Amino acid sequence: MNREYSEILADVKEQLLYLQELGVENLSVELPAFDASKFRLPAGNITPPPAAKTEIPAERIERFAPPPELVKKIAEPPKSTSNEPPASRLGLLESTKLSRLAQQPKRESLFAGPTEPVEKPPMPKKTVEEDLTASLFGDITKTLPESKETIEEIRADIGNCTRCPLYEGRTKIVHTTGNFSADLMFVGEAPGADEDQKGEPFVGRAGQLLNKIIEAIGMKREDVCIGNINRCRPPGNRTPTLPEAHTCRPFLIREIAVIRPKVIVVLGNTACQNLLDTKVGITKLRGNFQDYYGVKVMPTFHPAYLLRDPSKKRETWEDMKKVRDYLSGLK
Ligand code: SF4
């Protein structure tokens, strides 16, 4: 029991010393009432402490000076600096947990953060698309940037592309074709069977209908430019996955920056969502010009869909009239 008392007393002394180091001059302590009957102590050894509020003045704190056996004698105490504890306390402080706390940087510097430069964790690698898009558009510009590339250079970069799994089932890569100085560009989803065989976009039945749509607004196919988000035919004409679309789309974006059309007509839901990076469906977006880095974008139905549901041709015609009128207004 005496040993426990000694340890408690030593702890109290340490804490008082530390408070004194911090400049605490007075302590106000609430002590509970002491009930000796709860302790089995030998009679006559008990001196109950005061039951109520106790004030400990500074001079009494001094009386809790460390016992001589705990103080390491220092023949020539080193000069104290602002960050070091006073030399007279050094021996005791070295031997206590609180001493380690006292030797830590001062509270402000603890909160001010480490003074040593901290090595930052490496940034995650950008995707190819982010790199390509960032190199074209930076991260804040909302206008189509100048491109120093040519269509031929982009084609050369695409090469015998195997960047996404769609290369496995293709016969030919279907590149953007037409007039590369056109004011009007059409963008579809991906090649179908006919396009895959010929290596040209929109040459099947849907392509023939697209030709009629172009002629309906007073233009010819050779006046416009036609491309797809994906250049390789997905197996069974399925919709390209998002990673497949995102892998191929940068080539189209680079072409748009070279061609600089005044209007892009996106054909169908997949092309619309992938070009505009939106989850909003074609039925909500169609008929209203959208913006793509300063280029007007008109979403409308895909000709293949019009072949399945001819009743939608009327809406497509309304959309195309808006395109025609906008382009006429620029002349
Ligand atoms: S779809 Fe595009 S990215 Fe995928 S293999 Fe074909 S050209 Fe390359």
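How do the residues of the shell around the ligand divide into nonpolar, polar and charged? Point 5 takes this up.

1. This is a predicted model, in which local features need pLDDT of at least 70, side-chain atom pairs count only at pLDDT 80 or more, and totals for chains, interfaces and linings use all residues. Numbering starts from 1 along each chain as its sequence is written.

2. The chain contains 14 helices and 8 strands; these are DSSP runs, H or I of at least four residues for helices and E of at least two for strands, numbered from the N terminus. Of its 331 residues, 26% are buried, a class that requires 20 or more other C-beta atoms within 10 Å of the residue's own, with C-beta atoms placed from the backbone.

3. β4 pairs in the parallel sense with β6 (residues 263-267) over 4 bridges, and M185 stands opposite I264 in β6. β4 also pairs in the parallel sense with β5 (residues 225-228), over 4 bridges; there the bridge partner of V187 is G227. Pairing requires at least two DSSP bridges between two strands.

4. The ligand is surrounded by 13 residues, of which C161, C164, Y167, C232 and C248 are the closest; a residue is near if its C-beta atom, placed from the backbone, lies within 6 Å. The shell consists of 8 nonpolar, 3 polar and 2 charged residues. Ala, Val, Leu, Ile, Met, Phe, Trp, Tyr, Cys and Pro count as nonpolar, Asp, Glu, Lys and Arg as charged, and the others, Gly among them, as polar.

Note on methods:
Buried ≥ 20, exposed ≤ 12 C-beta atoms within 10 Å, placed from the backbone.
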